[in-house]
Amino acid sequence: MNASIAFVVHQLAAALPDFHASFPDIRLDLTLSDHVIDVIAEGVDVAVRIGAVKDERLGFRRIAEIRRVICASPAYLAQHGAPLEPTDLAHHSCINVASSPHLSLWPFRRQDGIEIVETRGPLNVDNAEGVLALGVAGLGIIRLADLVVANAIREGRLVPILTEVHQSEPVPVSLVFPALRQRLPRVRAFIDFMVARFGSSPWRLDDLQRAR
């Protein structure tokens, strides 16, 4: 199996004990990567993909969705204040995932459509885990998937901001697999477990949903 570092750290790791309790005879070989691998070439049975599935050679099963959240630590907001309008972000340190340059373009809802604000800051990191750590440490404003920041927000280590105007861009979470592999009992068992465990998008922040 293959999945992103953030998905494993924040969601899958806590679920795997239940999977192994239900299927003790299945051995799971897990690889973590933040880039899209060639599932067929790597001999992977199933992978977690966040975003559109573009490889026509693969079967897929959509299991959930993520929404991105703009947030900052209480310490950062106490020192620098909270941006009240998207244009205020030009005066703030924004931390983005350097390996995905498009993620520095933050969308906001306006009466006449969507406004894109290009965000900048003194720090860039090549993965979501690094961005999260720097955001919690108070070094800037971050925009990450709810599956990554949900626990930090619930624990008060991060505070959502600009929720009334932020376009959170729902993104699908899918399982992808070589078409014939889904017939294998071990793969079928894992797919069914993942659908049951994550089909409700358990990381969803209900208060932010109402704010939309």
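This is a predicted model: local features need pLDDT of at least 70, side-chain atom pairs count only at pLDDT 80 or more; totals for chains, interfaces and linings use all residues.
Local features here need pLDDT of at least 70, side-chain atom pairs count only at pLDDT 80 or more, and totals for chains, interfaces and linings use all residues. Residues are numbered from 1 along each chain as its sequence is written, and side-chain values use heavy atoms, with hydrogens and water left out.

**Pockets**

- A pocket, on a 1 Å grid over the protein atoms alone, is an open set of points where a 1.4 Å probe fits, with protein on both sides within 12 Å along at least five of seven lines; lining residues have an atom within 4 Å of a point.
- A volume is the space filled by probe spheres set on the points, which are joined across faces, edges and corners.
- The largest pocket is lined by 32 residues, and the closest to its centre are Ser 4, Asp 34, Ile 50, Arg 68 and Ser 100.
- Strand S1 (2-3), strand S3 (47-50), S10 and H4 each give two or more residues to that lining; helices (H or I, at least four residues) and strands (E, at least two) are DSSP runs, numbered from the N terminus.
- Sorted by class, the lining of the largest pocket has 16 nonpolar, nine polar and seven charged residues. Ala, Val, Leu, Ile, Met, Phe, Trp, Tyr, Cys and Pro count as nonpolar, Asp, Glu, Lys and Arg as charged, and the others, Gly among them, as polar.
- The second largest pocket comes in at about 270 Å³. Its lining has 15 residues, with Met 1, Arg 27, Leu 28, Asp 29 and Asp 45 the closest to its centre.
- Helix H5 (residues 185-198) supplies the largest share of the second pocket's lining, three residues.

**The five-stranded sheet**

- Five strands make an open sheet with mixed pairing, in the order S9-S6-S10-S5-S11; two strands pair if DSSP finds at least two bridges between them.
- At the edges sit strand S9 (124-125) and strand S11 (159-160), each pairing on one side only.
- S5 and S10 run antiparallel, joined by four bridges, and Val 69 stands opposite Leu 144 in S10.
- Strand S5 (residues 68-72) also pairs with S11, again antiparallel, over two bridges; Ala 72 has Val 159 as its bridge partner there.

- Helix H4 (residues 146-154) lies across S5, strand S10 (141-145) and S11, running at about 120° to S10. Axes are lines fitted to C-alpha atoms, for helices over the stretch in contact, and angles run from 0 to 180 degrees between N-to-C directions.
- Seven of the nine residues of H4 are buried, so the helix is largely enclosed by the rest of the structure. Buried means under 20% relative accessible area (1.4 Å probe, protein chains only).
- S10 is mostly covered too, with five of its five residues buried.
- Asp 146 belongs to H4 and counts as buried because its relative accessibility is 2%.
- Not counting residues up to four places away in sequence, Asp 146 touches Ile 66, Arg 67, Val 69, Trp 203, Arg 204 and Leu 205; contact means heavy atoms within 4.5 Å.
- Just after H4, Gly 156 takes a positive phi of about 85°.

Key
Buried means under 20% relative accessible area, exposed over 50%, partly exposed in between (1.4 Å probe, protein chains only).
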